[in-house]
Amino acid sequence: MTSPAVSTAVELVDAPLLYKGKVRELYDLGEHVLIVVTDRISAFDYVLEPPVPEKGNVLNKLSAFWFEMTKDFMDNHVVHTDVERLGAVAKNKELLKDRIMVVRKAERIDMECVVRGYITGGGWRQYQAGGEVNGIKLPEGIRKNEPFPEPIFTPAAKNDVGHDEDISMERMKELIGAELALELQEKSLKLYDFARRYCDERGIILADCKFEFGVLDGKVILIDEIFTPDSSRFWAKENYALDIEIDSMDKEPVRSYLASTPWDKNSQPDPLPQPVVDETTRRYVDIYERLTKRV
């Protein structure tokens with residue numbers, strides 16, 4: 001049974017709100033931070049109505065799954081995901097139980113660490129415009145959705161307002177220092193390789209993904225979310241082909257619907273039709289079940 005959609009947790013949590021993102025809300029627990037993943041959905045930089053049931057649960061449970069899978073070779077910020085341990089902080093444990101994560105407070109590194117295994121999306125658009133991706137010169141004649149011989153690391157400088165800015169590795173070194181930049185590159189490529197092989201065994205192609213890292217006690221750790229439909233591009237192997245727009249296993253129904261309307265992308269769009277919301281819920285639940293073999 002689908003749980004009710006949660007558009008905000010402000011009334012569900014008895015703790016100070018630190019930050020409200022497009023999807024996540026951060027609450028101050030003193031030593032730690034409580035992350036609540038809502039069912040809000042965004043596209044083209046707008047938070048849309050209505051929220052999508054189960055979306056937040058899937059994102060949170062999938063991140064927890066991957067953090068647990070990778071913890072032996074990649075330290076992360078997770079303390080626990082048990083709503084019962086929140087005590088009176090959780091005012092509605094039933095609504096919060098699958099969408100919370102208590103994490104250590106790390107200093108965020110303002111870089112989005114993107115790894116691309118296939119040339120698609122923004123990487124494809126860069127290649128079409130100038131024959132390169134984030135300053136990496138590529139040969140002529142590459143086709144859309146083609147795999148790179150080796151995955152490439154294509155960072156972006158984080159902007160809290162507006163779009164993140166695609167940058168070269170050289171620019172990243174200038175911004176945060178060569179040693180830290182190389183460490184983030186190495187960690188990102190290692191994570192991608194692990195998840196790519198895992199997904200491949202389950203009939204899924206991990207086309208690209210992004211990570212965020214922070215510093216805690218002088219050590220670089222993995223933070224935010226990993227290998228979710230909001231931070232990664234998953235393709236079902238049966239849908240893979242060159243030269244087309246592959247239907248990805250995420251909020252594609254929302255993007256497709258909006259693209260089919262006369263919406264100008266400069267104002268708040270009308271509410272999403274219920275069939276689009278229902279199909280988006282189905283997509284999120286499907287990728288979770290296929291990756292984890294859990295229901």
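Modeller: Let's start with a definition: axes are lines fitted to C-alpha atoms, for helices over the stretch in contact, and angles run from 0 to 180 degrees between N-to-C directions. This is a predicted model, where local features need pLDDT of at least 70, side-chain atom pairs count only at pLDDT 80 or more, and totals for chains, interfaces and linings use all residues. Residues are numbered from 1 along each chain as its sequence is written, and side-chain values use heavy atoms, leaving out hydrogens and water.

Biologist: At what angle do the axes of α4 and α5 cross?

Modeller: Helices are DSSP runs (H or I, at least four residues), numbered from the N terminus. Here α4 (residues 169-176) and α5 (residues 178-200) have axes that come within 7 Å and cross at roughly 125 degrees. Angles under 35 degrees count as roughly parallel, over 145 as roughly antiparallel, 65 to 115 as roughly perpendicular and the rest as oblique, so this pair is oblique.

Biologist: Which residues of α4 and α5 make the contact?

Modeller: Contact means heavy atoms within 4.5 Å. On α4 they are Met169, Met172, Lys173 and Ile176; α5 brings Ala178, Leu180, Ala181, Leu182, Leu184 and Gln185.

Biologist: Is threonine 70 buried or exposed?

Modeller: Buried means under 20% relative accessible area, exposed over 50%, partly exposed in between (1.4 Å probe, protein chains only). Threonine 70, in helix α1 (residues 55-70), has 0% relative accessibility and therefore counts as buried. Leaving out residues up to four places away in sequence, threonine 70 touches Leu191, Phe194 and Ile226.

Key: Helices (H or I, at least four residues) and strands (E, at least two) are DSSP runs, numbered from the N terminus.
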